[in-house]
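Please give a reader new to this chain a careful account of how its parts are put together.

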Amino acid sequence: MSAEIPFWPAGVEGALSLTFDDNAPSQLANALPCLDDHGLQGTFYVNPGRRPAWELQVPRWQEAASRGHEIGNHTSRHPCSCNFGFDPTYCLERLSLQDIEATIDEAEADLDQLFPQQRGKRSFCYPCYQSYVGAGVERQSYVPVVARRFRAARGGGERPNNPRLIDLSYTWAWAVEGHSAEQMIAYVDKAADQGLWAIICMHGVGGDHIAIETRALEGLARHLDQQRQRIRAWRTRYWSLITSGPIWRSKNAS
Ligand SMILES: [Zn+2]
């Protein structure tokens with residue numbers, strides 16, 4: 001019965017969130033101006049203090065937050081699988097849940113201080129899309145650690161989210177490294193046709209690591225600008241989407 005009730009508000013067919021990881025400098029230089037030009041808001045998952053340019057970036061992220069962009073928690077130390085070899089002593093297979101709590105809470109304290117207007121309203125993003133600590137029989141999920149602290153968190157996954165079914169403590173996002181505007185538009189349009197919530201994950205934009213070209217984001221942003229009646233893309237912050245939108249109502253309906 002409930003499946004017959006339209007999920008989205010009248011006229012809206014689907015939703016899209018634009019997310020950016022790792023506070024790459026090219027996001028400030030290329031992504032933010034593009035989003036602002038088209039009246040779009042993004043979610044930027046940062047590692048406070050971790051990267052050399054962080055202190056220099058802060059005033060510009062604060063400006064972005066004042067324009068409605070979300071500055072999300074991506075931990076202070078960005079722990080990923082030991083298999084990457086990034087840091088052989090601080091990597092997920094060697095960490096405990098307490099270690100994860102520490103790096104999340106350290107980042108959150110910094111963000112609360114720097115972005116007080118978003119206190120209690122920001123979402124979380126799993127570094128390297130990975131959500132466990134330990135190895136073998138000792139491996140365990142740290143999703144509950146995140147779920148106790150945030151109403152929504154973003155992981156990785158190729159498919160858009162079914163807003164009626166997705167666990168908000170680990171939503172799926174498509175990482176679009178090297179993809180064109182046409183490929184991203186096709187993905188978003190198909191998701192909207194199916195009534196889904198697409199999340200796109202970007203890192204570098206026109207530079208930096210695992211990047212897309214600036215013109216690819218520009219093409220997608222132009223399309224979203226034109227389609228804003230059909231695809232709810234102009235309020236991409238999780239908090240806005242979840243608390244004012246139908247996902248939140250759906251989760252609390254029963
Ligand atoms: Zn990351």
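## Overall build

In this predicted model, residues 24 or more positions apart account for 74% of those contacts in the chain that have a separation of 6 or more. The chain holds 8 helices and 10 strands, and of its 254 residues 41% are buried.

## The nonpolar core

The largest nonpolar core comprises 56 residues, and the ones with the most contacts inside it are Leu16, Ala153, Val188, Ala198, Ile200 and Leu217. Strand β9 (residues 197-202) supplies the largest share of this core, namely 6 residues. When its neighbours within four places in sequence are left aside, Ala153 is in contact with Ser123, Phe124, Cys125, Tyr126, Val146, Ser169, Tyr170 and Thr171.

## Strands β1, β2 and β3

Strand β2 (residues 43-46) sends Thr43 and Tyr45 one way and Phe44 and Val46 the other way, and all of these residues are buried. Strand β2 pairs with β1 (residues 14-21) and also with β3 (residues 70-73), as the table sets out.

| Strand pair | Direction | Bridges | Residues standing opposite |
|---|---|---|---|
| β1 and β2 | parallel | 3 | Phe20 and Phe44 |
| β2 and β3 | parallel | 4 | Thr43 and Glu70 |

Between β2 and β3 the chain passes through helix α2 (residues 54-66), making a β-α-β crossover that is right-handed. On the way from β1 to β2 the chain passes through helix α1 (residues 25-37), and this β-α-β crossover is right-handed.

Terms used
Residues are numbered from 1 along each chain as its sequence is written. This is a predicted model: local features need pLDDT of at least 70, side-chain atom pairs count only at pLDDT 80 or more; totals for chains, interfaces and linings use all residues. Helices (H or I, at least four residues) and strands (E, at least two) are DSSP runs, numbered from the N terminus. A residue is buried if 20 or more other C-beta atoms lie within 10 Å of its own, exposed if 12 or fewer, and partly exposed in between; C-beta atoms are placed from the backbone. Two residues are in contact if their C-beta atoms, placed from the backbone, lie within 7 Å. A nonpolar core is a set of buried Ala, Val, Leu, Ile, Met, Phe, Trp, Tyr and Cys residues joined through C-beta atoms within 7 Å. Two strands pair if DSSP finds at least two bridges between them. A crossover is right-handed if, with the strands pointing away from the viewer, the path from the first strand over the helix to the second runs clockwise.
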